Amino acid sequence: MFLTLDLESEDPIYTQLKQQIIAGIAKKELTPGEALPSVRALASDLGINLHTVNKAYQQLKQEGFILIHRQKGVVVHPEGVAKADEAYFQLLEKTLHPIIAESICRDVSEETFIKLCKDIYQTYKSEA
Amino acid sequence: MMGLMFIFLTVLIPVYIMTMFIPYWTRKTESFGVTMPEDAYQQENVRQMRRRYALSTGVLSLLTTIGLLVMVPNYKEDDVVLGIVFACLVSAYMVVSFIIYLYFHAQMKKLKQLQPGWSQKAQLITVNTSFRKQKLTYSSLWYVIGFVIAIAMIVLSLVKYDAIPERFATQYDFAGNPSSWSDKSYSSVLMMPLMQVYMTGLFVLINVIIAKSKQQINAADAERSLQRNIIFRRRWSLFMIWMGNGLVALLSLPQLSLFYDINIKWSMWGIIGFSVLVVVASIVLSITTGQGGSKVKVGDASGGDASGLDRDDDEYWKLGIFYFNRNDPSIFIEKRFGIGWTNNWAHPVSWIFMIAVIGLAVLIPFLLS
């Protein structure tokens, strides 16, 4: 898959990197067991610091999206990403709260909000 | 006159052509070492700058050639002085053409400042995660051919050591007469085969660089520029394999003539013919492939957004041609102005690498003489 980073964006680079890899897995552009470039190779191609790539990879590893083998290198988790559990739903709820609160303040109706969610879900399905 | 013709054909004409037409062969997003949107490449004032650059360096080429034609007959007798005169003229040509480049680089920077649209786009970098899994170069194992030839020459030279005369010619002038002699010893006899080993090693290194150098994809036209980048690497890798092995094979001829009866004219003409072939092929390759594969036609143009600007990293390109970026862990990167690759000079490995390559080239003949 193609990764595109915006160096001028306010989001830190490691966050962009992490979110794009997760999006790639969601769109099935990255399949379970697929190899990802090594930290050094990816950092060189992107022209960014090794630590930035390492940080993104370490977080992805902790969250169960990828595995980092000493020999085989970095791969997308071969058994797929762990299904959502109680803890994940708690986290999801916590993340959504301020977003929904802000939407309500800005007079976004419940239907509009849910429609938007559906549309976003659809983009992942159509590209898969 | 034959020597002059040879130098002219294999050294000067290619240098002239390469210098004059570089602006036409680089990526369309980089003009005279300055980043700009792809569609600005066809803008009239930018086109005009390319024409003026080609004209200026063309006039310089003409003057250098006239200088050569005037000077050479005066030093016909002395090869050493002739060599020095030639080196001086070529150096002067290099310096002046660099000054011409700097002038156009400065002009282009000024032009960019007047066009705020050229700098205001997002700073996007695109990479493909499976790039390194693709076949980017041909196998370095092809250079086994060169190594086998070189080792065969070492073995043969030792086996036939007794048949080698006490004094043998190491250099010939263009009429085929010896111009430099060497006393027979193991080191002097093994000089050429060891240089063959060194050269083959260098070609292997070049193949590795072609594979390892930074992935450079245009964010606005990712899929097609990815294909181009791969084709660019493969073509040059294949070209270098043919050239490297061919050169090492041909350099065996003068070595073989030490103990076999080979007419030195044959090997001279062989090397001259091969050099001309290599030069023509490299120019054809440059024209048809372009820097980074920018001249290769792949797919249809739809989807590409020519007004998008890639990452603007002008600040890291000193004078537009020397890449110096401490935050970039890559060592090798595509040239900005020219065809091929250059170093990230902020990376210490770049310096170690250059010192090792040049050091060995100087050290091998020095230690053996």
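How many residues does the contact take from chain B, and how many from chain A?

Tutor: The contact takes 20 residues from chain B and 21 residues from chain A. Two residues are in contact here if their C-beta atoms, placed from the backbone, lie within 7 Å. Of the side of chain B that touches chain A, the largest share comes from strand S3 (residues 124-128) of chain B, with 5 residues. Sorted by class, that side of chain B has 7 nonpolar, 8 polar and 5 charged residues. Ala, Val, Leu, Ile, Met, Phe, Trp, Tyr, Cys and Pro count as nonpolar, Asp, Glu, Lys and Arg as charged, and the others, Gly among them, as polar.

A word on the source. This is a predicted model, in which local features need pLDDT of at least 70 and side-chain atom pairs count only at pLDDT 80 or more, while totals for chains, interfaces and linings use all residues. Residues are numbered from 1 along each chain as its sequence is written, and chains are lettered from A and ligands numbered from 1 in the order in which they are written. Helices (H or I, at least four residues) and strands (E, at least two) are DSSP runs, numbered from the N terminus.

Next, the strands at the contact. S1(A) and S3(B) run antiparallel and are joined by 5 bridges; two strands pair if DSSP finds at least two bridges between them. Opposite Phe2(A) stands Asn128(B) in S3(B), and opposite Thr4(A) stands Thr126(B) in S3(B). In a regular strand the side chains alternate between the two faces of the sheet. In S1(A), Leu3(A) and Leu5(A) form the covered face, while Phe2(A), Thr4(A) and Asp6(A) form the uncovered one.

An α-helix has 3.6 residues a turn, so residues three or four places apart point the same way. A residue is buried if 20 or more other C-beta atoms lie within 10 Å of its own, exposed if 12 or fewer, and partly exposed in between, with C-beta atoms placed from the backbone.

Helix H1 (residues 13-26) of chain A has 14 residues, and from its first C-alpha to its last it reaches 20 Å, close to the 20 Å expected at 1.5 Å a residue. That expected span is 1.5 Å times one less than the number of residues. Just after H1(A), Lys28(A) takes a positive phi of about 65 degrees.

Most residues other than glycine have a negative phi. Another exception is Asp107(A), which is not a glycine and has a positive phi of about 65 degrees. Asp107(A) sits in the loop between helix H4 (86-105) and helix H5 (110-127) of chain A. Asp107(A) is exposed, with 7 other C-beta atoms within 10 Å. In chain B, Phe32(B) has a positive phi near 50 degrees, and Phe32(B) is buried, with 26 other C-beta atoms within 10 Å.
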